[in-house]
Amino acid sequence: MRFLQSFASALLLAAAGTAQAASSWGFDDATVSITAKKGSDGAVKEKLSQKSPLSTPLSLGSTDALKIILTAKESGKGKRPHQAFVVLKEQDSGLEAPFPMTVKDNGKAVVNINQKEIPVQLLVSTKPLQASIVIGSFGASQGLNAPVFNVQITNDASLPPPSYEKPVRYGKKPEIHHIFKADPRSPPKVISLFFVLAVLATVPALFVGWVILGANVNHLPKALSTAPVSHALFLGSIVAMEFVFFLYYTTWNLFQVLPVIGVVGAVTVLSGTKALGEVQSRRLAGER
């Protein structure tokens, strides 16, 4: 009785294993061909097997076209899977590039690959790329991922080889040293001295002009007694404004000068209004 139970269990396990083995995806009638450009020889065509890859790598030139044709099957019957790809893999880094196959309802599938469609990260590989066929779909059927051949990328000697720069990653970077623009330099001293003397020469020219035009300084005591603060602030603000310009020329920058100019300018306007108003009142009174 125990023997019969053990035998029945073994039969059930064998049947389950057989059903599982049969319920899987595969392919048949698969070929790979490499066609060179028109007018040149070197066409290659090989049969593919999901059990053993080709022993010799294929060569794909810059103008060649690689074409794979197969029939996808589920449990031995031609059928259209949900996904069918040819995957090229760089064996050292593990980088992969999938190429989807065009599949019909009866399982007939085809894909064409050339160098323009292959990522540059794979084109720069010095070793052959591993080509695998990946087939899978919904349901309980086991998918397929089978290496079928290797392909060596051959670049055109007359063209520059493809180049690849690694993408920028987050991490420690070299220290950045900022180089600022040099501060503006003063003009030559000879030119500065010339213009200083030209400005200073206007002072005696002013007094000479007053003498020629008959300037009257007899009203100075009356003006100072009538509006002493206004006249003092007005003349002082003019001198202060010139001193601010001197500091700007020698040491100060624009941000230091602007607030001071604002204050001195306000004093000049307020005091000048009263001071010049006092002068106008004397002019209207006939005092010249």
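**Core, helix and rings in a predicted model**

Modeller: In this predicted model, the largest nonpolar core has 35 residues, of which Ile-68 and Phe-149 touch the most other members. Strand β11 (residues 144-153) gives the largest share of this core, 6 residues.

Biologist: What makes Phe-149 a contact of Ile-68?

Modeller: Contact requires heavy atoms within 4.5 Å. Leaving aside neighbours within four places in sequence, Ile-68 meets this with Phe-149, and its other contacts include Thr-31, Leu-48, Val-86 and Met-101.

Biologist: How do you know that the span of helix α6 agrees with its number of residues?

Modeller: Helix α6 covers residues 254-284, and at 1.5 Å a residue its 31 residues should span 45 Å; the end C-alpha atoms lie 43 Å apart, so the two values agree. The helix also bends by about 30° at Gly-272, a residue that is buried.

Biologist: What covers the buried residues of α6?

Modeller: The cover includes α4 (220-226) and α5 (228-250). Among the buried residues of α6 are Val-257, Val-264 and Ala-275.

Biologist: Why is Asn-253 said to cap the N-terminal end of α6?

Modeller: A polar contact needs N or O atoms within 3.5 Å. A side-chain oxygen of Asn-253 lies 3.1 Å from the backbone nitrogen of Phe-255, and therefore falls inside that limit.

Biologist: Why is the pair of Phe-194 and Phe-195 called edge-to-face?

Modeller: Ring centres must lie within 6.5 Å, and planes over 60 degrees apart count as edge-to-face. The centres of these rings are 5.3 Å apart and their planes stand at 80°, so the pair is edge-to-face. Both Phe-194 and Phe-195 are exposed.

Notes:
Residues numbered from 1 in each chain as written. Predicted model: local features only at pLDDT ≥ 70, side-chain atom pairs only at ≥ 80, totals over all residues. Heavy atoms only, no water. Phe/Tyr/Trp six-rings, centres within 6.5 Å; stacked < 30°, edge-to-face > 60°. Buried < 20%, exposed > 50% of the residue type's maximum accessible area, 1.4 Å probe, protein only. Helix = DSSP H or I, 4+ residues; strand = E, 2+ residues; numbered from the N terminus. Expected span 1.5 Å × (residues − 1). Bend = angle between axes of the 7 residues up to and from the residue. Polar contact = N/O pair within 3.5 Å; in protein donor to acceptor, adjacent residues only side chain to side chain. Core = buried A, V, L, I, M, F, W, Y, C linked by side-chain atoms within 4.5 Å.
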